[in-house]
Amino acid sequence: MGLAEHPSESYDVVVVGGGHNGLTAAGYLSRAGLRVKVLERRSIVGGAAVTEEFHPGFRNSMCSYTVSLLSPKVIKDLELGKFGLQITDRATASLILGEGGAFLNKHEDEAAYLAKIAETHPGDAERYHEFYEVLDAVADVLRDVVLDTPPNVGGDLLDLFRAGKLANRLRKLSPKLQREAVKLFTMSIADYLAAWFAHPLLLGESCYTASVGNMQSVYAPGSAYVLLHHAFGEVNGVPGDWGHAIGGMGAITQAMARSAQAHGCDIEIDAPVAEVVIEDGVARSVRLEDGRLIRAKAIAANVNPKLLFQRLIGREHLNPDFARQIDNFRCCSGTFRMNLALDGLPAFSCLGSDPDREAMLRGSTMIAASQDYVEQAYQDAVRLGWARKPVIEMFIPSLYDHSLAPPGKHVMSLFCQHFNPYLPDGRSWDEVKTEVVETIIDTVAVHAPDIRERIVGQVALSPLDLEREYGLLGGDIFHGCLHMDQLFAMRPVAEYADYRMPLANLYLCGSGAHPGGGVTGYPGHNAAREILKDFKRRRLAA
């Protein structure tokens, strides 16, 4: 059927991409009375926050896998609990695995944990609480900032006011915390941690957190920020906590979709967009791959900025300087994602036959032996394409959620670093994927020797798979590196940080906008607020 044979549809807002931020924006816009259409390329909404069956009887969160950064305001405003979302608290304990059988068991007994650290590094045990108190205090500032619209570089008085709000929040911190905030935003994670800890497993744990979705050396200036980025969340009213969405991460986006639909939003799946149609510098409509044209007063893009401006919009519509900035927007997170179907819990050697073994696996189990171990994984990825000893975080959500696996069986999420999306020898990820999967399983088997015999099914997502299947260019789970020149007023590029793009009536509502990646809902929330302002004040191009 040709374009002329398709009747044209018309809405107030078309949202391109049905990931969690697109659904968040659609939810707010629909509740405000606008006619909203969401277009999703895949056969299920949710983007990278989806739950799917990957082996008969086994389901799991395919990409994102745990809850912490999801905005409490979004949960409340969109009434996600009413539409089926249930988040249970996750154990804060974790098992940190080193080399040669070394480990730290961060279980319920904190006193015993600190005593274990003090055996070899007494100063680390003394500084432990102060470190997390500093992190929490600076994260409190971020919890406010993430709900703000950033100022545009070179903007007007409103932008000066927005910049002043941030300065005022920082001013309210004590001088000591202001100092620590500056350090966390500017220093390398290695240099920042040097003032706090020497225990190799404590260093490995924090260096891993700072490398989640961030393919960077531990010595790279600004790498400490990613540690802070993962600290501003909260679950069920408890700041800094982590949780599990019953039914997997797809339960979040399914609740978002039901919430939006209850207020009139039209959501269409299997609807890939081929082009955002620009007329005289104004975003007027989207053309689908099937030829349909859907017109709208505003278009909100929940896709990577590079995908939007390099594939969906012709370069002839862009200012050359803006196009060049988008070309140089960096997307590279070094992530390899696996899900395992297990016929029982793996036996980690360090736990022996401890009767409390299951409880000890309810938190994260982390292979991050030291700062040097994490750095070597990065160096391997740069020179060889992937870590020969990868950094791995494992989580077994079926310990909380029996809907994910048959009785007595389990699913395990593996989040692995570092894997270069751009292989240095010119090979494709399709060529090396099997070899890399074996490397990852071998690494786990060092600590859980029975892991291979426990595996009954698996799915692996290379950086290329993440790009092809979920639109995460460069395998980047954050839709753009969280580096200082790509944050706040510089995200996605300077002059266009307020969710309004350089083409009239076009908005960015995904993680490529402030405050960046993670399953937060903040970019969708903030973009919807700016879109509603423009509708109310009649700022849209006629």
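In this predicted model, I367 stands opposite I392 in β17, where a strand is a DSSP run of E with at least two residues and a helix a run of H or I with at least four, both numbered from the N terminus. Residues are numbered from 1 along each chain as its sequence is written, and side-chain values use heavy atoms, with hydrogens and water left out. Because the model is predicted, local features need pLDDT of at least 70 and side-chain atom pairs count only at pLDDT 80 or more, whereas totals for chains, interfaces and linings use all residues.

Strands β16 and β17 run antiparallel and are joined by three bridges; two strands are said to pair if DSSP finds at least two bridges between them. On β18, the bridge partner of I392 is C416, and six bridges join β17 to β18, which also run antiparallel.

These strands belong to an open sheet of seven, in the order β7-β6-β16-β17-β18-β15-β19, with mixed pairing. Its edge strands are β7 (103-106) and β19 (455-461), each of which pairs on one side only.

Strand β17 is mostly covered, since eight of its 10 residues are buried, that is, under 20% relative accessible area, with exposed meaning over 50% and partly exposed in between (1.4 Å probe, protein chains only).

Helix α15, residues 429-445, contains T439, which counts as buried because its relative accessibility is 16%. Leaving aside residues up to four places away in sequence, T439 touches W386, A387, R388 and P390, a contact being heavy atoms within 4.5 Å.
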